[in-house]
Amino acid sequence: MAMRKDQKEFALTILRRFKTKDLPPKDFGWNYIANEVGVNRTTLYRNDSIRETYALVRTIVSKHKKEARGLNQERIEKGELEHKIDTLNETINDLEKQLNRERERLVYATLVARKKDIDPLEFLDKTPLSSAITMKFVS
């Protein structure tokens with residue numbers, strides 16, 4: 001069965017309406033378009049421009065369906081990124097706490113060494129805190 005020019009234009013109009021959410025995404029399909037246009041599905045499918053437009057609109061309509069269910073892909077990706085950022089911030093805080101604890105232990109070790117008449121600079125010469133400890137005990 002051949003399709004008239006007005007039927008082809010009407011089919012493309014229906015596809016555009018699905019694309020812009022003028023028609024509900026749950027109705028999207030070859031059967032709906034064929035019933036509205038007044039031709040069978042095979043006739044629609046044989047038309048190259050309608051078939052290509054249908055393929056493009058199908059991906060858009062699937063996004064509309066996901067959004068209707070609350071599954072917005074951008075929001076999901078943003079949530080994943082925020083979760084990763086929060087996890088990394090927690091890791092940073094834990095590592096900073098560990099670093100501060102190790103610094104306290106090092107300072108305490110130098111105090112104990114001084115009490116036992118051991119020069120802490122003998123074993124702290126190449127540590128990052130040696131200059132801070134030296135300033136603290138020299139001044």
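# Aromatic rings and buried residues

Colleague: Trp30 is buried, and Tyr54 is buried as well. In this predicted model, which residues of helix α2 are buried?

Modeller: A residue counts as buried when its relative accessible area is under 20%. Within helix α2, which runs over residues 30–37, the buried residues are Trp30, Ile33, Ala34 and Val37.

Colleague: How many aromatic pairs are found, and which term describes the pair of Phe18 and Phe28?

Modeller: A search through the whole structure gives five aromatic pairs. For Phe18 and Phe28, the ring centres are 5.1 Å apart and the planes stand at 85°. Planes over 60 degrees apart count as edge-to-face, and therefore the term for this pair is edge-to-face.

Colleague: Where do Phe18 and Phe28 lie, and what is the relative accessibility of Phe28?

Modeller: The pair links distant parts of the chain, since Phe18 belongs to helix α1 (residues 5–19) while Phe28 sits in the loop between α1 and α2, ten residues apart. Phe18 is buried, with a relative accessible area of 1%. Phe28 also counts as buried, because its relative accessibility is 13%.

Colleague: What kind of aromatic pair do Trp30 and Tyr54 form, and how many residues apart in sequence are the parts it ties together?

Modeller: With 3.9 Å from centre to centre and 20° between the planes, the pair of Trp30 and Tyr54 is stacked. Trp30 lies in helix α2 and Tyr54 in helix α4 (residues 48–68), so the pair ties together parts whose separation in sequence is 24 residues.

Colleague: How far apart in space are Ile50 and Leu12?

Modeller: Ile50 is in helix α4 and counts as buried, because its relative accessibility is 0%. Not counting residues up to four places away in sequence, Ile50 touches Met3, Lys8, Ala11, Leu12, Leu15, Trp30 and Leu44. Although Ile50 and Leu12 are 38 residues apart in sequence, their C-alpha to C-alpha distance is 6.5 Å.

Notes. Residues numbered from 1 in each chain as written. Predicted model: local features only at pLDDT ≥ 70, side-chain atom pairs only at ≥ 80, totals over all residues. Heavy atoms only, no water. Buried < 20%, exposed > 50% of the residue type's maximum accessible area, 1.4 Å probe, protein only. Helix = DSSP H or I, 4+ residues; strand = E, 2+ residues; numbered from the N terminus. Phe/Tyr/Trp six-rings, centres within 6.5 Å; stacked < 30°, edge-to-face > 60°. Contact = heavy atoms within 4.5 Å.
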